[in-house]
Amino acid sequence: HASRTDGVDKNVWVEFTQLAADYKAVNLGQGFPDFSPPKFIQEAFCKAVSGGPIMHQYTRAFGHPPLVRSLAKFFSRIVGHEIDPLEDILVTVGAYQALFCAFQALVNEGDEVIIVEPFFDCYQPMVKMAGGKAVYVPLRPKAASGAVLSSGDWVLSAEELASKFTPRTKAVVINTPNNPIGKVYKTEELQMIADLCIKHDALCISDEVYEWLTYDGAKHVKIASLPGMWERTITVGSAGKTFSATGWKVVHRLCNVFILFTACSFDDLFWSQVGWAISSGHIVKHMKTIHQNTVYHCATAAQEAVAQGFEREYEVFGSPESYFQQLPAMLHLKRNKLASCLESVGLQPIMPQGGYFMIADISSVKVDYNDQSSVDEPNDFRFVKWLTKEKGLATIPVSAFYSPEHSKEFDKYIRFCFVKEDSTLDAAEDILRKWS
Ligand code: PMP
Ligand code: GLN
């Protein structure tokens, strides 16, 4: 086998999603909504699949023309830059493939990529597979303010970040709103990162898949919109997060589409997911090279549906009808529901300002583990396995979002996902109350 697969074979989603399934646990682990996408996107999808033969064939490799036009129109207004639909956008199979194309296209053997911790786990293996070296810098809970209760209290030290740059630094990777803690970077924080990127002539890969999900007045800001950053930022987005359809990735049970498409049931259908990278054409050009030689294109009908979704959102943007207002409004309530449940059972949550995850401190919980097989594992891994197997509640260990060099400092947290039906959150609450 090729050596690039060495050391990147373990995957937290593969492991813990299987464990949750094996124990039929109430699942607040892997991040996906257990409710359907909004009606308009389901309808757009049904219309697309019944839209004639072209919807079932290849479309333009770098993005279905109606979709890149809709994305350019929608995001030009937000970034404050006229985005060229054909030059500046690459449509990908989810944010995963956008990230993969970015690392493959931009990182050379021996280049360094600075990753802010905690980070979505795939950045590290992707940097490694591109021949690069990941360099880590953690967000740290502010020491002075006593109890840390909000993800906003986790901050990046400008000095510490500056100390990580070397002549080999190629890029900095940030994720806002952040998975797993929910931090939403403020403009000043982004400006600090931007200044360092400009000073050291580095790129910024900004993963913004949760961009619509912010709470309590926190405002998502795109680092690409700061002066001098458009030319050096790759902004990554995902329709799966945007329209609550993370399963639109692989075509399963295709036949059902044809049998059911007058009354499409989304519980039965899992379709190709759509993501994108937006950047300056001189960067996207190289990402297109990777894309055309790997997956070539993404499912046409799903792209058509996402294009319709963005057209609709463009029209209603800023109004209460907008899904980009309705989804965070709904999740805000779910966030508060989960936080009060965790607090009441003595698991101190860090209140997220964005995204759909919440981490909680488990250090006050004393557990008698009888599972000796996990004895050498980090504390949070052991705890999550115990909670899944013995109590039937699945969560995710937070040290999985850290490099080996920092994971020990953060293995007292576990992550809960709250993009779930209230009935699922209630079932989790029942488990926590009975045991605590
Ligand atoms: N980035 C982050 C921060 C994520 O949480 C995820 C997973 N949902 C992804 C990227 C991958 O997104 P997608 O499912 O669109 O590939
Ligand atoms: N992004 C999702 C999460 O953080 C999971 C991604 C995956 O399952 N591969 O839960």
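A residue counts as near a molecule when its C-beta atom, placed from the backbone, lies within 6 Å of it. By that rule, W13, Q30, G31 and N179 surround ligand 2. This is a predicted model, where local features need pLDDT of at least 70, side-chain atom pairs count only at pLDDT 80 or more, and totals for chains, interfaces and linings use all residues. Residues are numbered from 1 along each chain as its sequence is written, while chains are lettered from A and ligands numbered from 1 in the order in which they are written.

**Ligand shells.** Ligand 1 has 14 residues around it, and G94, A95, Y96, F120 and S238 come nearest. Helix α4 (residues 94–106) gives the largest share of that shell, three residues. Helices (H or I, at least four residues) and strands (E, at least two) are DSSP runs, numbered from the N terminus.

**Backbone.** Most residues other than glycine have a negative phi, and most peptide bonds are trans. The exceptions here are tabulated.

| Site | Feature | Loop |
|---|---|---|
| E117 to P118 | cis, omega near -5° | P118: between β3 (112–117) and α5 (123–129) |
| N179 to P180 | cis, omega near 20° | P180: between β7 (169–175) and α7 (187–199) |
| D216 | phi about 55° | between β8 (203–207) and β9 (233–238) |

Burial counts other C-beta atoms, placed from the backbone, within 10 Å of a residue's own: buried at 20 or more, exposed at 12 or fewer, partly exposed in between. K24 has 10 and is exposed. D216 has 14 inside 10 Å and is partly exposed.
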